[in-house]
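Please look over the sequence and model below. A short report on selected helices and ring pairs follows.

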Amino acid sequence: MAKGHRSQIKRERNENNRETRPSAKLSYARVSVQKAAFVLDAIRGKDVTTALGILADNGIKGGEGGTHLRNMLLKLAHPTQEAAAVIDKLGLNFFDAQGKMRSFADIFPEMNEAMSKLTDQEKLEAISTLFNSYDISSVNALMSTSKDRWTKLGEAIGDSAGAADKMSRTQLD
């Protein structure tokens, strides 16, 4: 075996290991969601954090949740023709009059309500058309969360910033 060939194999193995570390995955997911949100210029940090919290409550944590959320954002921003037809049929609107994405706390409960009259098969087909099949469990978790839960978790996340600041000041005293 040539020396250059072994070096190439070693480089590839190191690259693969780097990509599978949990910290690398989480960092990649966070950056991916941030890029998607920046491109959309619509998602507030609290909205993303609340969605990630809901996913974590449903066992979808860290980088996996971030990746699912990024995929969903991109699909909502640029639906296929088939997805656009489903969106129209269900009467969904993800953007306001100024073209800014509406809050997840509005979008996902409304999607759940719009699909409540569908059979299980029709609902799964609609979700599969709107999103990647890889993301269905995350979509279902976000859709099945009530508007009230979205609000309460969002408020708790907002309040946690004040609590962290207060704790920091107390420790410095």
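Predicted model: local features only at pLDDT ≥ 70, side-chain atom pairs only at ≥ 80, totals over all residues.

## Helix H5

Helix H5 spans residues 81–90. Its buried residues are Ala83, Val86, Ile87 and Leu90. Viewed down the axis of H5, these residues fall within an arc of 100 degrees, so they line one face of the helix. That buried side packs against helix H6 (104–115) and helix H7 (120–130).

The face of H5 turned away from the buried side carries Gln81, Asp88 and Lys89, which are exposed. Just after H5 comes Gly91, with a positive phi of about 70 degrees.

## H4 against H8

Helix H4 (residues 62–77) packs on helix H8 (residues 136–143). Their axes lie 9 Å apart, at an angle of about 80 degrees. An angle of 65 to 115 degrees counts as roughly perpendicular, and H4 and H8 are therefore roughly perpendicular to each other.

H4 contributes His68, Leu69 and Met72 to the contact, and H8 contributes Ser138, Val139 and Leu142. Of these residues, 4 are nonpolar, 2 are polar and none is charged.

The model has 3 aromatic pairs. One of them joins Phe104 and Phe108 edge-to-face, at 5.7 Å centre to centre and 65 degrees between the planes. Both residues lie in helix H6, 4 residues apart, about one turn of the helix.

Phe108 also pairs with Trp150. This pair is stacked, with 6.2 Å centre to centre and 5 degrees between the planes. Phe108 lies in H6 and Trp150 in helix H9 (residues 147–172), so the pair ties together parts 42 residues apart in sequence. Both Phe108 and Trp150 are buried.

Technical notes
Residues numbered from 1 in each chain as written. Heavy atoms only, no water. Buried < 20%, exposed > 50% of the residue type's maximum accessible area, 1.4 Å probe, protein only. Helix = DSSP H or I, 4+ residues; strand = E, 2+ residues; numbered from the N terminus. Arc of directions from axis to C-beta. Contact = heavy atoms within 4.5 Å. Axes fitted to C-alpha atoms, helices over the stretch in contact; angles between N-to-C directions. Parallel < 35°, antiparallel > 145°, perpendicular 65-115°, else oblique. Nonpolar A, V, L, I, M, F, W, Y, C, P; charged D, E, K, R; others polar. Phe/Tyr/Trp six-rings, centres within 6.5 Å; stacked < 30°, edge-to-face > 60°.
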